[in-house]
Amino acid sequence: MGIIAALVIGAIAGWLAGLIVRGAGFGLIGNIVVGIVGALVASWLLPQLGISLGGSAIRDIVNATIGAVVVLVIVSLIRRA
């Protein structure tokens, strides 16, 4: 995947995760970072759980969104502590 595609998928995933976890968005750049980190988390976490979603750009966005939601929930918990 190219760097532009990673940025676009990260931005979409971060934005979606920000909508899912209300009040945890970080703006455009922050959402891209959260989406990319989320994609890395999901690429490790989902296979550990035995979850496989196939292969396509939509799968990449779904995986990154799942990971970004996990990252946002963890960040929200840390912020509250």
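Helices are DSSP runs of H or I with at least four residues, numbered from the N terminus. The model used in these exercises is predicted.

**Exercise 1**

Work out how large the volume of the largest pocket is, and which helices supply its lining.

*Solution.* Begin with the size: the volume of the largest pocket comes to about 320 Å³. Next, assign the lining to elements, where at least two residues each are supplied by helix 1 (3-20), helix 2 (27-48) and helix 3 (57-80). Among these contributions, helix 2 has the largest share of the lining, with eight residues. Finally, sort the lining of the largest pocket by class, which gives twelve nonpolar residues, six polar residues and two charged residues.

**Exercise 2**

Identify the residues that make the nonpolar surface patch of about 630 Å², and state which helix gives the most to it.

*Solution.* First list the members of the patch, which are I3, I4, L7, V8, I12, I36 and L40. Then look at the elements behind them: helix 1 and helix 2 are those that give two or more residues to the nonpolar patch. Of the contributions to the patch, that of helix 1 is the most, at five residues.

**Exercise 3**

Technical notes
Residues are numbered from 1 along each chain as its sequence is written. This is a predicted model: local features need pLDDT of at least 70, side-chain atom pairs count only at pLDDT 80 or more; totals for chains, interfaces and linings use all residues. Side-chain values use heavy atoms; hydrogens and water are left out. On a 1 Å grid over the protein atoms alone, a cavity is a set of points where a 1.4 Å probe fits but cannot get out, and a pocket is an open set with protein on both sides within 12 Å along at least five of seven lines; lining residues have an atom within 4 Å of a point. Grid points are joined across faces, edges and corners, and a volume is the space filled by probe spheres set on the points. Ala, Val, Leu, Ile, Met, Phe, Trp, Tyr, Cys and Pro count as nonpolar, Asp, Glu, Lys and Arg as charged, and the others, Gly among them, as polar. Patches are made of residues with over 30% relative accessible area and no salt bridge: like charges are joined within 9 Å, nonpolar side chains (Val, Leu, Ile, Met, Phe, Trp, Tyr) within 5 Å. Accessible areas come from the Shrake-Rupley method with a 1.4 Å probe; for residues, only the protein chains shown count as cover. A salt bridge is a side-chain nitrogen of Lys or Arg within 4 Å of a carboxyl oxygen of Asp or Glu.
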